[in-house]
Every structure is written in C-alpha cells, then in structure tokens.
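The sequence and the structure come next.

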Amino acid sequence: MTTTATTIKDSVHDYIELCPTAEALLDTAPMQRLRYVRQLSTVQLVYPSANHTRFEHSLGVYHLASRAVDQLELDDQLADRLRAAALVHDVGHGPFGHQTEAAIERHVGRHHDEIEWLLTDSEVGDVLEEQGLDPEAVAATVDGRGPLGELVSGSLDVDRMDYLVRDAHHTGVPYGTIDHSRLLYALRTVDGELALEAGNVATAESALIARTLMNATVYGHHVSRIAGAMLDRASERVLRDEVISPERFARLTDSELLSLLAEHEPTADLERRLRERTLYKRAIWARRGDVTDEFVGLEYDHTRSLEREIAEVADVDPAAVILDSPSEPSSPESRAKIVVDGDLRRLEERSSLVAGLDACARETWRLGVYAPEPVLADVQAAAATVLETDAIVAP
C-alpha cells in the first residue's frame with residue numbers, strides 16, 4: 001500500500017512535499033513558534049504586506065535544500081541531515097529575528113545559528129534521533145560546519161536563495177528576483193566543496209546584485225533601522241532590569257515581546273511608539289565618507305557612551321538619543337566558488353561586477369542618530385559636534 005506524501009502550498013515555491021522527518025519536525029513546539037515570528041520584523045512598518053513568517057521561510061529553505069541534494073545525488077544519510085538542518089535553521093531566532101539578536105547575544109553569548117543547546121535538549125532533538133539523525137551533527141550543519149554545511153549557511157546557500165525571492169514577493173519590490181532554479185541546477189561538489197559549474201558567473205552575480213539592491217531598498221530602509229534600534233534599546237532595558245530571563249526572552253514570539261515591553265514602565269513609551277508608528281526621527285544620516293573610522297561599527301558599550309555624551313551636550317534625557325553605526329558592508333556571495341578550467345576559483349576573482357557592487361554597498365552605508373521630534377534640533381547639533389561630522393541633513 002502506497003502512502004501519499006504530505007504537501008504544503010507555498011506562496012513562492014507552489015507545492016512543497018515533506019519527507020517524514022520534516023513532517024515530524026514541523027509538529028514540534030519550537031518549529032510552530034516560528035509562525036509567530038515575522039521574517040522581516042520592522043520592515044513591515046515600511047512595506048505593509050511583509051507579514052510573512054520565519055515558518056514560511058523555513059519551509060522554503062527546506063524545499064530548496066531538497067532540490068539541491070537531489071541534484072547533487074548525495075548519499076541518503078547526508079541528504080537527510082542537510083534537509084533537516086535547512087528546515088530547523090531558524091529555530092534559534094528570538095522575537096523579531098535579527099532585530100533582537102544583538103541583545104540576546106550580549107546576555108546569552110550565543111548566536112542564533114548556534115542551536116546545539118536547543119536540538120539536544122528539546123523535542124526537536126527527540127524527533128531527529130527517532131529519525132536516525134544526530135542532533136549535534138544537524139546543529140553543526142546549521143552553523144555551516146561539517147560536510148556541505150555551506151549549502152545551509154555559506155556564501156551562496158539555500159537560505160539566501162529563499163529569503164531574497166520570498167522577501168521580494170511579499171514586499172512587492174522586483175529587486176530580489178534571482179534564478180534560484182539555475183543556481184541549484186549548477187551546483188556541484190568539487191573535492192568536498194560546494195561550487196557552481198563552469199559558465200555560471202552571471203548566475204552567481206545575479207544573487208549578489210539582488211542582495212545589494214534589497215539591502216538598499218528593504219533591509220536597510222531608514223524607517224526599519226530606526227524601529228529596530230528602538231526595539232534593541234527596549235529589549236536591553238527589560239533584560240538589564242531582569243524583567244525576564246535572557247533564556248526565556250529568546251523564546252518569546254513577536255507579540256509576547258511587545259506585551260512585555262508595554263507592561264514595563266521604562267519601556268512602555270517605546271512599545272507605544274513602535275505599535276503606533278510614531279518613531280524617532282533622523283537627526284544625523286551620514287554617508288561613509290562623512291564619518292571617521294573611529295565611529296564605524298561601534299561596540300555596544302562605546303555606542304551607549306557616545307549616546308550619553310550627545311545627550312549631555314544637547315541637555316536631553318539619554319533615552320532620547322539613539323546612535324546606530326553599522327559595520328562595514330560585506331558581500332559573502334563574492335566568496336562563492338565556481339569551477340574554472342577544472343579548478344575552483346572565488347567569484348570575486350572572476351567577476352568584474354563584484355568590486356562595483358562592493359562600492360555600491362559602501363555608498364548606501366549610513367550612520368544614524370535618532371531622537372524624538374521635539375528635541376531633534378538639539379540632538380542634531382550635539383551629535384554633529386560629538387561625532388565630528390557636518391552631515392546633519394538626511395538626503
């Protein structure tokens with residue numbers, strides 16, 4: 001008697017067919033929690049239709065990983081491990097995904113990809129073991145380690161292939177559209193490394209172009225960055241005040257975090273601003289060339305120290321100043337391997353586009369200082385003095 005495989009209708013990949021391991025994993029509480037964590041968190045304040053979840057994305061990554069392992073004709077054990085790792089790769093995310101990641105890492109000392117603790121001490125690990133998989137090996141694959149771990153977390157992985165297309169679909173922008181079918185078709189293993197077969201430089205470049213444009217228009221949009229910075233400060237406050245343990249905080253859903261912030265008096269106003277979209281405004285929005293190296297990619301404690309200094313000069317409440325200085329932009333796709341004359345080469349060695357796109361990413365980099373509108377002018381003047389920049393008008 002034949003059994004019919006379970007299928008799920010997806011907005012991006014149409015029908016996704018589940019293997020028994022995937023079906024069992026999806027029924028666990030940690031995976032179901034991802035239904036309540038938005039994929040694009042505060043980007044929804046810019047693009048209202050961006051309401052898709054980490055759960056949907058996880059299904060998409062699983063689907064692409066399944067196609068990849070079939071294309072690569074891997075042995076069953078490795079294929080099963082890669083499929084499982086693709087499905088659970090985001091299970092370690094906290095509420096609002098990347099927007100609370102820094103706060104969680106400061107208090108727990110763990111990145112969201114480091115999920116061995118979760119896979120070995122939860123029903124997810126029980127399911128993996130029941131299906132003949134080693135939870136520790138699956139966790140290593142999620143972190144990009146072990147045989148072909150770069151398929152799940154690498155320079156040109158199935159995670160990136162799905163989120164670019166999915167995020168473009170749900171925001172309505174055309175920039176994230178990539179030929180993921182061609183990328184999967186061109187995958188090869190060479191000396192145990194994942195690579196694209198010869199003749200696919202343009203295919204790899206398309207992913208790099210897509211992510212560069214998505215960073216500029218979606219992921220790095222100033223409204224989302226302001227809201228994300230506000231959320232980070234509020235998250236840090238409830239953790240510092242020991243309103244909740246870091247471990248429990250990391251397992252909240254988006255709505256649970258907002259409720260927690262609303263109930264704690266010192267963070268209630270930030271929660272209201274996020275909920276009502278009455279966000280802080282830009283006092284400074286400076287290009288990379290207008291910012292000295294000492295103010296780029298600041299450590300958290302240094303950032304807070306500068307915020308207090310700006311607030312003191314402006315004679316405002318320190319809570320009214322948020323400094324947001326990203327690290328230098330990077331292009332992981334440029335390190336993707338491609339076969340050239342039988343040898344492996346990095347894409348950056350074969351593509352003249354890479355240098356130009358790196359320059360484009362640098363051009364879109366901005367340092368931001370945000371404040372409530374009533375004190376915006378005072379904070380602007382103080383920040384320009386402290387940060388030694390004249391870039392006080394947002395272009």
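At the start of α8, which backbone nitrogen does a side-chain oxygen of Asp134 reach? The backbone nitrogen of Glu136 lies within 3.1 Å of that Asp134 oxygen.

This is a predicted model, in which local features need pLDDT of at least 70 and side-chain atom pairs count only at pLDDT 80 or more, while totals for chains, interfaces and linings use all residues. Residues are numbered from 1 along each chain as its sequence is written, and side-chain values use heavy atoms, with hydrogens and water left out.

**Helix α8**

Helices (H or I, at least four residues) and strands (E, at least two) are DSSP runs, numbered from the N terminus. Helix α8 covers residues 135-142, and seven of its eight residues are buried, so the helix is largely enclosed by the rest of the structure. Buried means under 20% relative accessible area, exposed over 50%, and partly exposed in between (1.4 Å probe, protein chains only). The buried residues of α8 are Pro135, Ala137, Val138, Ala139, Ala140, Thr141 and Val142. They pack against α4 (76-88), α6 (116-120) and α7 (123-130), where contact means heavy atoms within 4.5 Å. After α8 comes Gly144, with a positive phi near 85°.

**Domain 1 against domain 2**

The protein chain is divided into domain 1 (1-172), domain 2 (181-216 + 333-358) and domain 3 (280-328 + 365-395); these bounds come from an automatic or database domain assignment. Between domain 1 and domain 2, the C-alpha centres are 23 Å apart. Contacts join 17 residues of domain 1 to 19 residues of domain 2. About 1,500 Å² is buried between domain 1 and domain 2, with carbon and sulfur atoms giving 75%. Buried area here is the accessible area (1.4 Å probe) that two parts lose on being put together, summed over both. On the domain 1 side, Gln71, Leu156 and Leu164 lose the most area to domain 2, together 35% of what that side buries.

There are zero salt bridges between domain 1 and domain 2. Four residue pairs are in polar contact across the interface of domain 1 and domain 2, both residues at pLDDT 80 or more. A polar contact is a pair of N or O atoms within 3.5 Å; within protein, one must be able to donate a hydrogen and the other to accept it, and residues adjacent in sequence count only if both atoms are side-chain atoms. On the side of domain 1 that touches domain 2, the elements giving two or more residues are α3 (54-72) and α9 (158-171). The largest share of that side, seven residues, comes from α9.

**Salt bridges**

The count comes to 28 salt bridges, each a side-chain nitrogen of Lys or Arg within 4 Å of a carboxyl oxygen of Asp or Glu.

Glu193 in strand β4 (residues 193-196) and Lys337 in strand β7 (residues 337-340) are 144 residues apart. Glu193 is partly exposed at 32% relative accessible area, and Lys337 is partly exposed at 23%.

Arg273 and Asp269 are four residues apart in helix α15 (residues 265-276), and are therefore separated by about one helical turn. Arg273 is buried at 15% relative accessibility, whereas Asp269 is partly exposed at 36%. Salt bridges that share partners also join Arg106, Asp232, Arg233, Glu236, Arg304 and Glu307 into one network.
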